[in-house]
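Thanks for coming. Please take a look at the sequence and the structure, and then I will go through them piece by piece.

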Amino acid sequence: MSEDITIILIEFAVVVIGLAVTALLFYRLPLLPAAKKDLVPFPSVSVIIPARNEADVLPLLLQDLSAQTLQAAEIIVADDASEDATAQIATSYGARLVSLHKKPQGWTGKSWACQQGAELAKGDLLLFLDADVRLGKDGILRLMQAYANCGCTLSVQPYHKTEQPYEQLSIMFNLVQIAGNGSGLPKPINIGLCGPVMLISRTDYMQAGGHAIARGSVIEDLTLGQELTKAGIPYQLYMGDADISYRMYADGLKSLLRGWAKNLASGAAKTSLLVFLMVFFWITSLTSVPYQIIKFAFTGNLPWLALYALLYLVWVLILFTLTRRVGRFQAWAIIFYPPQMIILLAVFAVSLFRKIFGLNTTWKGR
């Protein structure tokens, strides 16, 4: 067997392995159970919203919270030294405002705001919501019913709604986030929580160490999830839908790229070796197929060109199936997915470079 054929077969085997592990990585994408209208008493819940310069999106979430079929006991907005009208908006909607300044040394990201909000909360359960989350009228009800069913901490990856063309670049990042967390495996590993929506009892939160345990982490949700595991506290992950959604990085492409770069390499470092290898083969297969099409088109090898064209169609169909569960994405962005893979790899490379050399990341003006 010639060397060229050997290489071709090895590359083909990698593609097939990538297709196979995809079935495992996304074996299950558990949706939050539908709401049951027979209301029963639930523990009191405090909503905690960490907010820094969220004047554009905070009113939308506060409006959603005021329209819930099951009302929270209180809504706390932890204003993390915002430079816009975040504080005024919070008070105008009747939320309890916690004004924070001079974040202590060693605290990173939103952990300080989350911790301060939790320490002032009065509810039996703590519901942490990012300001860009949107809730349907049954959002809190479904969360509370799911908590009653599982009896443990739960977290939701919101359904990603997009509007502008640049937001389509989040397709692959969303899928990598789900795959890397291990929540889609036949037997979920659950590397960590999903930061935008976390519902946890006050007791479990304090036992795990709260957000203080993740004070220096830029991916506090994964760190907190790992601390829950260490403490023997179970949790479950769900996928959102119209009742629990968000629109990430609505303020532009630069924000989108910075946001994903902030988390990507750090998240990969916390992923188990087995899951990391599976994600590696999945991404390699996705990237290799269009590359092989170009290569065989130039060499004129029609049988292999036809085979990889078929595999490209297979990948497009798989991406259509997966993305409709995780967000509202356009058909053109899925059909022409190779540029998205290039951007994903480039952002990961930048994120990895920053992590290796300990370079700072600017986020929300810090």
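**The cores**

I start with the largest nonpolar core, which has 48 residues; Phe26, Met172, Leu175, Trp282 and Tyr337 are the ones touching the most other members. By nonpolar core I mean a set of buried Ala, Val, Leu, Ile, Met, Phe, Trp, Tyr and Cys residues joined through side-chain atoms within 4.5 Å. Buried means under 20% relative accessible area, exposed means over 50%, and partly exposed is in between, with a 1.4 Å probe and protein chains only. At least two residues of this core come from each of helix H1 (3–25), helix H6 (170–181), helix H9 (253–270), helix H10 (273–299), helix H11 (302–326), helix H12 (331–335) and helix H13 (338–356). The one that gives the most is H11, with 9 residues. Helices (H or I, at least four residues) and strands (E, at least two) are DSSP runs, numbered from the N terminus.

Which residues does Tyr337 contact, leaving aside neighbours within four places in sequence? They are Met172, Leu286, Val289, Pro290, Tyr312, Trp315, Val316 and Leu319. Contact here means heavy atoms within 4.5 Å. There is also a second, separate core of 35 residues, and among its members are Ile49, Leu129, Val133 and Leu154.

A word on sources. This is a predicted model, in which local features need pLDDT of at least 70 and side-chain atom pairs count only at pLDDT 80 or more, while totals for chains, interfaces and linings use all residues. Residues are numbered from 1 along each chain as its sequence is written, and side-chain values use heavy atoms, with hydrogens and water left out.

**The whole protein**

In secondary structure, the protein has 13 helices and 11 strands. Along the principal axes, the C-alpha atoms fill a box of roughly 70 × 45 × 40 Å. Of the 366 residues, 52% count as buried. Among contacts with a separation of 6 or more, 81% are between residues 24 or more positions apart.

**The sheet**

Next is an open sheet of 4 strands, in the order E5-E10-E7-E11, with mixed pairing. Strand E5 (133–135) and strand E11 (327–328) are at the edges with a single partner strand each, so one side of each has no neighbour in the sheet. Two strands pair if DSSP finds at least two bridges between them. Strand E7 (residues 159–161) and strand E10 (residues 244–246) run parallel and are joined by 2 bridges. Opposite Tyr159 is Ser245 in E10.

**Some helix residues**

Is Gln292 buried or exposed? Gln292 counts as buried, because its relative accessibility is 1%. This residue lies in helix H10 and touches Glu11 and Tyr308, not counting residues up to four places away in sequence.

Val314 is in helix H11 and is partly exposed, at 29% relative accessible area. From Val314 to Gln340 there are 26 residues in sequence and 17 Å in space, C-alpha to C-alpha.

Just after H8, Gly232 has a positive phi of about 75°.
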